[in-house]
Structures are given as C-alpha cells and as structure tokens.
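Here are some notes for a colleague who has not seen this structure before. Please keep the model open while reading.

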Amino acid sequence: MKTCYIFGSALGFPKDFKPRDIDLVIAADAGYLKLKEMGITHPLTVGDFDSLGEIPKNCEIIKHPVKKDDTDTMLAVKIGFERGYKNFCLCGCAGKRLDHTLANLQTLSYIAERSGKAHLIGEDYIASAIKEDTVSFNKSQKGNISVFSA
C-alpha cells in the first residue's frame, strides 16, 4: 500500500527510512531539516516556515501564511489526500510540544473519519485512530495496548 510520510521536527523517526517510489514524503516546516539529516534532500515541503526560518530552495514548496486554521501537519495530510493517499505515517510529530502533539492526535481522527489509516510515531510508542469494530495485530508485535474512545 502506498504511504504518505509526513515529517515534523519533534521526536519519533523511523530508523533507516527509505521511501518507495510510490510513497509521498512531505516535510512539515522544520521537518525539512530532519529529512535532510536523514539524507532525503528533495521532499515536498509544506508550511508557513516560521519554525524553519527560511524557505528551502531545492524542493517543491507549498507555502501558507503564519495565521491559518490548520497546523502544518494537517496541511500536509490534506495534500496527501488530494494526491490520492489514504495511508499516512506521521513521524517527528509528537513529544516536543504538547499543543502540537494534541493537534496531531486530532489529525489521526481526521484521517480515520475520511476512511484513511494513520500512525503517529512517537519516540517509544505508536498512536492510531481507528473506526473499525475490531483490531488485530501481527503475532510478532509486542508491547502494551491502550484503547480510548474519542
């Protein structure tokens, strides 16, 4: 399944990240720097660029005003949907600031309400929002699970 990977500048990055040709990689504002550190130098970059402090010159840019109704991550999710993606992975979008973490948890619900699937990758956890009545896991997955209604 093709995946839209959205990178912020907080905690929670996959090790050895290598997107496939069918995947979409979006840097949300300062997430551009994290991707650059990982060797991914030409991602689609979205946001108001208040955190990054400059507009990158070597990639596709979608610039938004600082005063807006959506977070940079939500803007990236909407672009992913517009480009035909239903599977999302939000990396580096949790843990640094509580307000952004809460907004990105709400973003998971936004994706689920539109029949998408998403994971918010934290430093030592994964959060998801689901609409299904049942959930199943691969036997190789280990750890704790907490389920909350929203």
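This is a predicted model: local features need pLDDT of at least 70, side-chain atom pairs count only at pLDDT 80 or more; totals for chains, interfaces and linings use all residues.

1. The main core. Start with the largest nonpolar core, which has 26 residues. Ile6, Ile26, Val77 and Phe88 are the ones with the most contacts inside it. Several elements supply at least two residues each: the strands β1 (4–7), β2 (24–28), β3 (44–47), β5 (87–91) and β6 (117–121), and the helices α2 (72–82) and α3 (98–113). Which element gives the most to this core? It is α2, with 6 residues.

2. Val77 as a way in. Select Val77 and look at what surrounds it. Neighbours within four places in sequence are left aside here. Val77 is then in contact with Ile6, Phe88, Leu90, Thr107, Tyr110 and Ile111. Two of these partners, Ile6 and Phe88, are also listed with Val77 among the core residues with the most contacts.

3. A second core. There is also a separate core of 15 residues. Its members include Val25, Ala27, Cys59 and Ile121.

4. Asp48. This residue is found in the loop between β3 and β4 (61–63). Is Asp48 buried or exposed? It counts as buried, because its relative accessibility is 6% and the cut-off for buried is under 20%. Not counting residues up to four places away in sequence, Asp48 touches Asp29, Lys63, His64, Pro65, Val66, Lys68 and Asp72.

5. The partners of Asp48. A polar contact of 2.5 Å joins the side chains of Asp48 and Lys68. Salt bridges that share partners bring Asp48, Lys68 and Asp72 into one network. Both Lys68 and Asp72 are also on the list of residues that Asp48 touches.

6. Arg83 and Glu60. The structure holds 7 salt bridges. One of them pairs Arg83 with Glu60, with the closest N and O atoms 2.8 Å apart. The pair links distant parts of the chain, 23 residues apart. Arg83 sits in the loop between α2 and β5, and Glu60 in the loop between β3 and β4. Arg83 is partly exposed, with a relative accessible area of 35%. Glu60 counts as partly exposed too, at 41%.

7. Asp99 and Arg97. These residues form another salt bridge, with closest N and O atoms 2.6 Å apart. Asp99 counts as partly exposed, at 41% relative accessibility. Arg97 is also partly exposed, at 44%.

8. Lys131 and Glu113. In this salt bridge the closest N and O atoms are 4.0 Å apart. The pair links distant parts of the chain: Lys131 is in the segment after β7, while Glu113 is in helix α3, 18 residues away. Glu113 is exposed, with a relative accessible area of 53%.

9. Which residues make the nonpolar surface patch of about 530 Å²? They are Ile130, Val135, Phe137, Ile145 and Val147. Phe137 lies in the segment after β7 (126–128). Why does Phe137 count as exposed? Its relative accessibility is 52%, and exposed means over 50%. Please mark this patch in the surface view.

Note on methods:
Residues are numbered from 1 along each chain as its sequence is written. Side-chain values use heavy atoms; hydrogens and water are left out. Patches are made of residues with over 30% relative accessible area and no salt bridge: like charges are joined within 9 Å, nonpolar side chains (Val, Leu, Ile, Met, Phe, Trp, Tyr) within 5 Å. Accessible areas come from the Shrake-Rupley method with a 1.4 Å probe; for residues, only the protein chains shown count as cover. A salt bridge is a side-chain nitrogen of Lys or Arg within 4 Å of a carboxyl oxygen of Asp or Glu. Helices (H or I, at least four residues) and strands (E, at least two) are DSSP runs, numbered from the N terminus. Buried means under 20% relative accessible area, exposed over 50%, partly exposed in between (1.4 Å probe, protein chains only). A nonpolar core is a set of buried Ala, Val, Leu, Ile, Met, Phe, Trp, Tyr and Cys residues joined through side-chain atoms within 4.5 Å. Contact means heavy atoms within 4.5 Å. A polar contact is a pair of N or O atoms within 3.5 Å; within protein, one must be able to donate a hydrogen and the other to accept it, and residues adjacent in sequence count only if both atoms are side-chain atoms.
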